[in-house]
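Dear colleague,

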Amino acid sequence: LVVGVDVSAAMLAVARADRPGIRLVRAEAVDLPFRDGTFHGVLGNFVLSHFRRYETALHDMVRVLRPGGRLAVSNWGPLEDDLDRTWRSLVEEVVPPEMLRSVLGEAVPWEQRFADRAALADALGRAGLRQVRAELREYRFRYSLREYLEGRATSSTGRFVRDMLGPAAFEGFLERARDAFASRFADPLNDFRQVVFAVGTKP
């Protein structure tokens, strides 16, 4: 039995189109609608850093695991490349840096902490998991300029800029971003990202 969980109906619609054979449930990790010990494995991709109290989310993920089951989580690593810096500089032209830090602190309060693999492993150990190990891997993603900026527009910073500027002004911001990226980078773009993975076993 494989079940996909997300709080966003839009994300579930994407998942349903891509993997029609998988059962999907709209729910949050802090209150999973499953009995104790339901699953052999639980996977949380890039989700743990979003919870103000990540310990609560981890508790429920561990709760639905069977004894001997494994929990795996991931988080973006600490690497910042030229694409990240270019996007951030564009955002900081319209959002004061201190306001941006505050917004990101609200949206992903544990993003920076869990970029450290030791911190992510420690969180799993404190949740009661054993045989915990964590690794840092580096990947190269290739995107068209259009795809890359679409992704940035739906990121935490992109959504905040849209809310702050309004739809019409945000389109102008994205047009300036397209020009800036096109002048600095070849299309398609090579995006180098680090990912921290941590895995633990429920006793």
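Predicted model: local features only at pLDDT ≥ 70, side-chain atom pairs only at ≥ 80, totals over all residues.

Residues are numbered from 1 along each chain as its sequence is written, and side-chain values use heavy atoms, with hydrogens and water left out.

Asn-75 lies in strand β4 (strands being DSSP runs of E with at least two residues, helices runs of H or I with at least four, numbered from the N terminus). Asn-75 counts as buried because its relative accessibility is 2%, where buried means under 20% relative accessible area with a 1.4 Å probe and protein chains only. The side chain of Asn-75 reaches the backbone oxygen of Glu-111 at 3.2 Å.

Helix α2, residues 54-63, is mostly covered, with 7 of its 10 residues buried, among them Tyr-54, Leu-58 and Met-61. The cover over these buried residues includes β3 (39-45), β4 (65-76) and α5 (117-126), contact meaning heavy atoms within 4.5 Å.

In the crossing pair, Leu-83, Asp-84 and Trp-87 of α3 meet Tyr-148, Leu-149, Arg-152 and Ala-153 of α6. By class, this contact has 5 nonpolar, no polar and 2 charged residues, where Ala, Val, Leu, Ile, Met, Phe, Trp, Tyr, Cys and Pro count as nonpolar, Asp, Glu, Lys and Arg as charged, and the others, Gly among them, as polar.

With best wishes

Key: Buried < 20%, exposed > 50% of the residue type's maximum accessible area, 1.4 Å probe, protein only. Polar contact = N/O pair within 3.5 Å; in protein donor to acceptor, adjacent residues only side chain to side chain.
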